[in-house]
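Please look over the sequence and the structure shown here before reading on. The briefing groups its points by topic.

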Amino acid sequence: MPAKPVQIGSLYFQRKGDADEYFRTMLYKYELGDKVSDDDAEILLLLVSNHPEADEKIGPGIDSFSVRTADFGTRCFWVNRSDGTTEKFSFKACY
């Protein structure tokens, strides 16, 4: 099976596995509960916009992103919305 390239903004990955590695590294560079840096948030905004449920994930607007636990204690990115609500999302669902 040929590799499937992934494009997120100006980021280009030759294979989905390369994108997985990039976003997993980003996810694990933060401690649980940390707010994501502005530079990483710019990339995550582009990423979550590709999610199949982007409208539901983004809701009324995004204030920031953070890293927290989700189902079964797994680490994931969270959208912190402008209305104070939060929503988790899987980076793998975005490409």
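What follows is a briefing on a pocket, the aromatic residues, and several individual positions.

The coordinates come from a predicted model, and every value below is computed from that model. A search of the whole structure finds 8 aromatic pairs, and the largest pocket has a volume of about 230 Å³.

**The largest pocket**

- Rolling a probe the size of a water molecule over the atoms shows where empty space is left.
- The lining of the largest pocket, whose volume is about 230 Å³, is made up of 14 residues, and those that lie nearest the pocket centre are Thr74, Arg75, Cys76, Phe89 and Ser90.
- Two or more lining residues are given by each of helix α1 (16–28), strand β4 (75–81) and strand β5 (86–89).

**Aromatic rings**

- A pair of aromatic rings is described by the distance of the centres and the angle of the planes.
- Among the 8 aromatic pairs found in the whole structure is that of Phe65 and Phe89, whose ring centres are 6.1 Å apart and whose planes stand at 65°, so the pair is classed as edge-to-face, for which the angle must be over 60 degrees.
- Because Phe65 belongs to strand β3 (residues 62–69) and Phe89 to strand β5, this pair ties together parts that are 24 residues apart in sequence.
- Phe65 has a relative accessible area of 2% and is therefore buried, and Phe89, for which the value is 2%, is buried as well.
- One aromatic cluster is formed by Phe13, Tyr22, Phe23, Phe65, Phe77, Phe89, Phe91 and Tyr95.
- Elsewhere, the charged end of Arg68 sits over the ring of Trp78, at 3.8 Å from the centre of that ring.

**Met26 and Asp40**

- Met26 is placed in helix α1, and its relative accessibility of 4% is the reason why Met26 counts as buried.
- Asp40, which lies in helix α2 (residues 38–48), has a relative accessibility of 7% and so counts as buried, the cut-off being under 20%.
- With residues up to four places away in sequence again not counted, Asp40 touches Lys29 and Tyr30 as well as Met26.

**Ser64 and its contacts**

- Ser64 has its place in strand β3, and because its relative accessibility is 11%, Ser64 counts as buried.
- When neighbours within four places in sequence are left aside, Ser64 is in contact with Lys35, Trp78, Val79 and Asn80, and the Trp78 named here is the residue whose ring has the charged end of Arg68 over it.

**Phe72 and its backbone**

- Most residues other than glycine have a negative phi, and most peptide bonds are trans.
- Phe72, found in the loop between β3 and β4, has a phi near 60°, which is a positive value in a residue other than glycine.
- Is Phe72 buried or exposed? Its relative accessible area is 85%, so Phe72 is exposed.

Terms used. Residues numbered from 1 in each chain as written. Predicted model: local features only at pLDDT ≥ 70, side-chain atom pairs only at ≥ 80, totals over all residues. Heavy atoms only, no water. 1 Å grid on protein atoms, 1.4 Å probe; cavity = no way out; pocket = protein on both sides within 12 Å on 5 of 7 lines; lining within 4 Å. Points joined across faces, edges and corners; volume = space filled by probe spheres on them. Helix = DSSP H or I, 4+ residues; strand = E, 2+ residues; numbered from the N terminus. Buried < 20%, exposed > 50% of the residue type's maximum accessible area, 1.4 Å probe, protein only. Contact = heavy atoms within 4.5 Å. Phe/Tyr/Trp six-rings, centres within 6.5 Å; stacked < 30°, edge-to-face > 60°. Lys NZ or Arg CZ within 6 Å of the ring centre and 35° of its normal.
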